[in-house]
Amino acid sequence: MTARTNGLPTRPPRNTGPIELRDFGPTGRRLGTPDDCYDGSPWELHRGELIEQMGSKDIHGIVMALLAALFRTHAREGFTVMTDVYCDLSDPGGPSLRAPDVVVVGDLSSPRNDAYRGTPLLAVEIRGTQSRRYLEEKVKLYLEHEWPWVWIAHAERRELEVVRPGTASITYRPGAEVPLLPELGKHGLGAVPVAALFEERDAARFTDEWVEARTQARAILAVLSARGLAVPEAVQARVLACDEPAALERWLASAATAASGAVFAAAVDRG
């Protein structure tokens with residue numbers, strides 16, 4: 001028998017079928033289910049209510065691509081970088097499938113066609129065209145689920161806000177360096193300038209160019225070792241930290257021809 005309230009029949013909330021015929025949830029958005037969230041869907045699901053995804057266009061898409069490339073270059077073995085993938089954040093408050101712009105995960109054993117279920121090491125949201133409410137609601141949900149690191153890249157201001165559960169946020173402005181997590185230390189990069197998160201020219205220094213520089217630096221030390229030339233640890237550290245191709249070329253030539261480790265160290269001091 002259909003339940004009645006004040007003499008009027010009631011029915012379960014309508015959360016399937018044509019979107020325009022569905023009932024509204026407590027915050028005034030149409031109801032939905034996880035079936036509404038599929039590859040190519042325009043929707044995210046927040047505790048049973050549908051939210052239209054923001055498009056990844058213009059500066060938003062550029063920043064997303066730069067960050068994904070940076071993370072993929074420097075992620076250590078066992079970590080996976082994904083973009084715009086649904087993450088299951090369902091809880092007693094209702095079903096939720098939200099799609100961060102970029103996530104770094106360490107518990108993905110094989111590629112999946114469904115939503116990611118787990119806790120990302122790092123999630124990134126890019127503030128471009130999104131409304132403040134849209135962004136704050138997503139980040140609040142991440143923190144409630146104890147996601148340890150959330151980056152908010154403010155595209156227009158060229159600032160990065162780092163948010164963690166239970167602590168005050170930290171904002172890195174132009175001119176500052178952003179520390180990277182140890183899990184992103186595959187090639188020895190510990191921090192990047194804020195500009196490298198937003199500008200292609202600056203970002204290139206820390207992707208392919210950084211890997212090439214590290215490879216050449218290791219080659220220099222290998223040549224010194226093969227020739228039996230000992231150099232102080234401070235000199236080795238300077239070689240490994242260098243990202244100037246011209247200097248590395250000079251030092252490689254010096255490593256191959258120097259009469260002693262002291263002669264090579266002097267070449268490094270000259271730059």
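Which side chain meets that of R158 in a salt bridge, and what is the distance from N to O?

Reply: The partner of R158 is E199, and their side chains form a salt bridge with an N to O distance of 3.2 Å. This pair links distant parts of the chain, since R158 and E199 are 41 residues apart. R158 belongs to the loop between β10 (150-154) and β11 (159-163), while E199 belongs to the loop between β14 (191-193) and α3 (200-204). Here a salt bridge is a side-chain nitrogen of Lys or Arg within 4 Å of a carboxyl oxygen of Asp or Glu. Helices (H or I, at least four residues) and strands (E, at least two) are DSSP runs numbered from the N terminus.

The structure is a predicted model in which local features need pLDDT of at least 70 and side-chain atom pairs count only at pLDDT 80 or more, whereas totals for chains, interfaces and linings use all residues. Residues are numbered from 1 along each chain as its sequence is written, and side-chain values use heavy atoms, with hydrogens and water left out.

Both partners of the R158 pair are partly exposed. R158 counts as such because its relative accessibility is 27%, and E199 because its relative accessible area is 32%. The classes are buried for under 20% relative accessible area, exposed for over 50%, and partly exposed in between, computed with a 1.4 Å probe on protein chains only.

A search of the whole structure finds 19 salt bridges. One of them joins D23 to R11, with the closest N and O atoms 2.8 Å apart. Each of these two residues lies in the loop between β2 (8-9) and β3, so their pairing ties together parts that are 12 residues apart in sequence. R11 is partly exposed, because its relative accessibility is 47%.

The salt bridge between E136 and R132 has another setting. Its closest N and O atoms are 2.8 Å apart, and both residues are in helix α2, four residues apart, or about one turn of the helix.

R214 sits in helix α4 (residues 208-226) and is buried, yet has no salt bridge. The nearest side chain of opposite charge belongs to D243, at a distance of 6.2 Å. A polar atom of the R214 side chain does lie 2.2 Å from the backbone oxygen of C242.

Helix α4 also holds S225. S225 is classed as exposed because its relative accessible area is 57%. The C-alpha atom of S225 is separated by 10.0 Å from that of G261, a residue 36 positions away along the chain.

Most residues other than glycine have a negative phi. R47 has a positive phi, near 50°, although R47 is not glycine. R47 is placed in the loop between β3 (43-46) and β4, and is partly exposed at a relative accessible area of 30%. D84 likewise has a positive phi near 50° in a residue other than glycine. The position of D84 is in the loop between β5 (80-83) and β6 (87-88), where D84 is partly exposed, with a relative accessible area of 38%.

R76 is found in the loop between α1 (58-74) and β5. With a relative accessible area of 40%, R76 is partly exposed. Between the C-alpha atoms of R76 and I152 there are 22 Å, and the two residues are 76 residues apart along the chain.

The buried R214, by comparison, has no salt bridge.

Conventions:
Lys, Arg positive; Asp, Glu negative; His and termini not counted. Polar contact = N/O pair within 3.5 Å; in protein donor to acceptor, adjacent residues only side chain to side chain.
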